[in-house]
Amino acid sequence: MEYRLLGYTTPDMSPEARWFLLQWSKNYDLDRAVFGPRLDLYKRLGISPKPAKRGLDLLQERGHVISETHPQKRGRPTTRFRVSPRFLRQLKTCTTPTTVHQPEIDKLCRHAIRARDESTQNALSGDHRANKLTPATYYLLAVLLAHAEIPGIVRNVSYWWLHMVTGMSKDRVISQLSKLKRIGVITHHEPGVLRNGGEARMRSVYNLNLNHPLLLGEDATGLTAVVYPKAKPGSFTFLSGAYDAALVAIKLAENETKILKEIETVASSEQQEEQERPQAKRYSSSTRLRKAHIELYEAAHSLLPKLQLSKEGAEDFLQAHNLGFGPIVKAHIWAYATMLLSNHWDDIEPWRKRGTIAPVMQAIRWDCSTLVAKGSSASPPHSEGSFLALIYSLAHHIAAELQDTLKSLDPHAECDFSTAIFQIEPPNPHSGESWIVRALFRQADGVTHLGNFLLPLRRVSLWLPKELEVLQIQ
């Protein structure tokens, strides 16, 4: 298959034309001529006549495909279709996406042919027609798979880029993304954020459901772990609360002097009141404040790795949060944790004691460096190292804790988790579902079905206690 097609960025080629060429490259080769009537060609490529005709007409109009009458030894002449040498040369200048999902893209192409055969034999209901995959839907999904550096997770794609690489308008891209969400191929989408005139930005994150029948399928699921029970408001586990715990820890550290001073002020006031109006000894407000301060500090740090964060790194973290980057930073942290589990399982084993894993740090630098303070004429810019190291540390902590938890579910080491593709699925905000972690395996690697598990992970509260509300920590 010619995967360069999935990185071919020009807006003047429709998704129908692109899917036509991709199916051609899958079933034949782009440098190989194809013979036969148009309708036969459409059938062999698994495309319905109307969108296939639109795609082929456009390709011929652009000069990308050439059709010629071809004589035969017997009977009437047939038609020969071939991709033009000029387009093939142009395509060779494109970079082939480095994808981990070539098997799934191949399966998608085969599915289109099988689905077309089934639809011609059976009448479709209204629901089936509404959810039917068109060439535009297939091609968009193939593009997302091709640019998923982390298994099942697509980062750093904008609507503009999707327009360029699919040939669809922004509205059509959004419509096709909605269809992929509706049929369950996209399980979570965290929109990107731009601030300060675009100087500070993070792109969207799309989570693909790899055990969907279109992709790996349910038979690929070796293990499903559901975090249970459902979280109460303000209650977090290491999986859900690493970012929030870091935020609380940074705010407590930033306000420590203020907190301790306020507690001493309350204690002094209580001592003076006791001297003026002696009464039975009681549990003082200052004692409650100290206890609440200690409990919140311990709760936050119980969800975190050991942090040695510089003042600049803490400032960058708070600034990003205050600018509204919290949700998208969280989505990226879970993506990096997934990357560590799926691509570097052996490297995060506690006995390895290795340093920073370069591909993960490179991804973090690419995604998050614009969130580092750029400084002004009066102050130098912050070093990106401390902030990015914090993001890496949070992702690594989640991955390491999950690794230990998942291994405890497989005491006899039946699964080779080093070959697994992991998925971390946050709750659906509309249905309030629990967190789900899956270990998926390609059939070629062998699938050991461990089954489903409930994970009663330890939870802590990160709500600001009432005893600390008087401190007005912002």
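**Exercise 1.** At roughly what angle do the axes of helix 10 (residues 238–254) and helix 12 (residues 285–302) cross? Working from this predicted model, describe how helix 10 and helix 12 pack, and name the residues that meet.

*Solution.* Two packed helices are described by the angle between their axes and the distance between the axes, so both values are the place to begin. The axes of helix 10 and helix 12 cross at roughly 140° and come within 8 Å. The next step is the handedness, and here the crossing of helix 10 past helix 12 is left-handed.

The contact itself is then read residue by residue: helix 10 contributes A245, V248, A249 and L252, which meet H293, L296, Y297, A300 and H301 of helix 12. Sorted by class, this contact holds 7 nonpolar and 2 polar residues, with no charged residues.

**Exercise 2.** Describe the largest pocket, stating its volume, and work out which element gives the most to its lining.

*Solution.* Begin with the volume, which is about 740 Å³ for the largest pocket. The lining is made up of 26 residues, of which E149, R155, N156, W366 and D367 are the closest to the pocket centre. Next, assign the lining to elements: helix 8 (159–166), strand 7 (200–202) and helix 15 (358–368) each give two or more residues, and helix 15 gives the most, with 5 residues.

Note on methods
Residues numbered from 1 in each chain as written. Predicted model: local features only at pLDDT ≥ 70, side-chain atom pairs only at ≥ 80, totals over all residues. Heavy atoms only, no water. Axes fitted to C-alpha atoms, helices over the stretch in contact; angles between N-to-C directions. Helix = DSSP H or I, 4+ residues; strand = E, 2+ residues; numbered from the N terminus. Left-handed = near helix turned anticlockwise from the far one by under 90°. Contact = heavy atoms within 4.5 Å. Nonpolar A, V, L, I, M, F, W, Y, C, P; charged D, E, K, R; others polar. 1 Å grid on protein atoms, 1.4 Å probe; cavity = no way out; pocket = protein on both sides within 12 Å on 5 of 7 lines; lining within 4 Å. Points joined across faces, edges and corners; volume = space filled by probe spheres on them.
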